[in-house]
Structure formats: C-alpha cells, structure tokens
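Subject: Structure handover

Hello,

Here is the structure I promised to pass on. Please look it over first, then read my notes below.

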Amino acid sequence: MTRTLRRTRGVRLALTGALLAGLTLLTTASPAVADDPSASASPAGDEAGPTEAGTTFRTATALKQGQSGIAQASAGDYLYWVFPADAGQRPTVRATVKLPESAARRGTSAWQVDVYDGLRRRQACMYGHQTRKAAADAATVELSCVLRPVRSWSEPWANDPLPGSYYIRLTVVDLPAADLGLPVGVQVRTSIKEAGGSHDGDGTLSEPLVPGVSVASTNETGETGEADDGGASAAPRTVATGEPEDGWASGWWTDRWLWTVGGGVLAALAAVFGYSLTRGRGRPSHVPPGV
C-alpha cells in the first residue's frame, strides 16, 4: 500500500510539472504586444534609403521596411513615399522636417503625416503625433504615426489595414502665405513590429493590396495572350515597393497554431491528471488476487 501511495504521488508530481511546463510554453510562445506609444519598433535594417520623394501616389518613392529616406522640397509641396507591410505587422512611420532659418519665416506652421493603404484609404493612427505645430523659431518638427496591426483578411466594408503597399504623405497644413516655397529638408523612416497571431483573421487575400499586382501576375503566367515585346499593354508598370524581404505571408502559418497545439496538450494532461485522482488506490493489499 505504501508503494501504491508513493507511485500515485509520483504521478501527480510528474503531471503537475508537465502542466506547469505547458503553461510556460503558452506564455512564452507569443509575447504580448506592448501598447505603450513610446515603445520603439525594431527596424528591419539600417540600409541607406532614397534621396528624393514623389509628388503623387503614382510617383511615390519606394522604401523598404526599416529604411529611411530623405528629400529636399519646398514648403507647400506634397511628398509621397510607399513601403510594404504584411499580415501580423504593426508599421510605424516617423518624419522629421528641418525648417528654414527663423529669420526667413513669417510665423508658425503646422505639418501633418498621413498613411494610406493600397486602396488609398486613409488609415487611422493608434499613437503618435500625426499633426504638429512649429513655432516661428523652431528648427525642426517631429511627426509620428503608429498604425493598427495589419490583418490577413477583413470584411469589404471595414477599413482595417490589410497586407500590401502603404503610402506616406507629408505636407504642411497651415502656413503663412509669405512662407510658401521656402526650402525644407525632410527625413522619413519606417519600422515594423511583429504583432503576433492575436490579430489574425480567418481568411486571406488572394493578392496583397499592391497596385498592379494582379495585372503583373497575369502577364507572368501568359494568360493575357499579349506579346511581351515591349509594348505598353504587354508591360504593365510594376510597383517599386516589391515585397517584404521574406515574401508575403502564405496565410496558413500563424503562432495561433502554437496556442492550439499547446491547448490540446494541456487538455490531455488535465484529463490524465483527473483520471489519476478519481481512479482510486487500486486493490487493497489485504485482498488476495482473484477475489
């Protein structure tokens, strides 16, 4: 009987240890995403970026994830950049405007950075300083916008961020007329933070929201029947954004699989532990076999 009790205690201790290990696995598999606006996102790299900016959506200058770009412009210009963002990522855009000498300016100014998705829908910022005023003696103005996590799929009527191209538009929204045309220097930087599977949807897009991607895919497969001899119709414009370095998400893998598998393991261990508690101590030692 003493051996039976010791064996039962050993089983209970082993199951308890397995349960604790499973809970540790689940709590460390997908770290929680900090919602602190001051938390900095990890850049994908420090590669030098372009030295110019586009003036429309069509001519937006391409940036890689984690890349910065600079440009010289005039106060009043609309400046555009574009970068890719995939499902499960939370993009952050930061912009720094170097203002002219205070002696050349006539008053305060207000600057604004906006972010649009591949359908040119303006995306709201979770955190950051999207619009800021610059005093007449200010040397620079800092702007930032932390977007919502990009989802793999959304309802057609929703305005959720989806995988694809994201356009940055920087401009001045309030400026004395006498200051229009003054030279300014601009630097923008994009960074990406992995948000995890807690923001995944139950579906995927057939193609990322990149302008021209459907036409380009059709031409690559040769289904259009048009000759690729350099004609305008046979060579559609390819968006310069490309795609993330590791490609677009395939849609089937997500860290929610870890939670699913971990939950199944914990359920099985709980069932075994419950059975060990309710099955009893077996046949008493004073009862002979076969009775």
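A residue is called buried when its relative accessible area is under 20%, exposed when over 50%, and partly exposed in between, using a 1.4 Å probe and protein chains only. This is a predicted model, in which local features need pLDDT of at least 70 and side-chain atom pairs count only at pLDDT 80 or more, while totals for chains, interfaces and linings use all residues. Residues are numbered from 1 along each chain as its sequence is written, and side-chain values use heavy atoms, with hydrogens and water left out.

Overall layout

The protein chain has three helices and eleven strands. Both are DSSP runs, numbered from the N terminus: helices are H or I with at least four residues, strands are E with at least two. The order along the sequence is α-β-β-β-β-β-β-β-β-β-β-β-α-α. Of the 291 residues, 38% are buried. The chain exposes about 16,700 Å². Carbon and sulfur atoms supply 55% of that area. Areas come from the Shrake-Rupley method with a 1.4 Å probe; for residues, only the protein chains shown count as cover.

A contact means heavy atoms within 4.5 Å. Among contacts with a separation of 6 or more, 73% are between residues 24 or more positions apart.

Confidence

pLDDT is the predictor's confidence in each residue, from 0 to 100. Its mean over the protein chain is 76, and 66% of residues reach 70 or more. Among the elements, strand β9 (residues 140–147) has the highest mean, 96. Helix α2 (residues 213–221) has the lowest, 49. Residues 25–45 have pLDDT below 50; this stretch has 36 contacts in the model beyond near neighbours in sequence. Residues 223–240 are also below 50, with 18 such contacts.

The disulfide

There is one disulfide in the structure, counted as a pair of cysteine sulfur atoms within 2.5 Å. Cys 125 is joined to Cys 145, S to S 1.9 Å. Cys 125 lies in strand β7 (residues 125–127) and Cys 145 in strand β9, so the pair ties together parts 20 residues apart in sequence. The S-S torsion is about -100°, so the disulfide is left-handed. Cys 145 is buried, at 0% relative accessibility. Cys 125 is partly exposed, at 23%.

Pro 176

Pro 176 sits in the loop between β10 (164–174) and β11 (183–194). Pro 176 counts as partly exposed because its relative accessibility is 23%. Beyond neighbours within four places in sequence, Pro 176 contacts Arg 106, Gly 107 and Thr 108. Its C-alpha is 7.3 Å from that of Ser 109, 67 residues apart along the chain.

Best wishes
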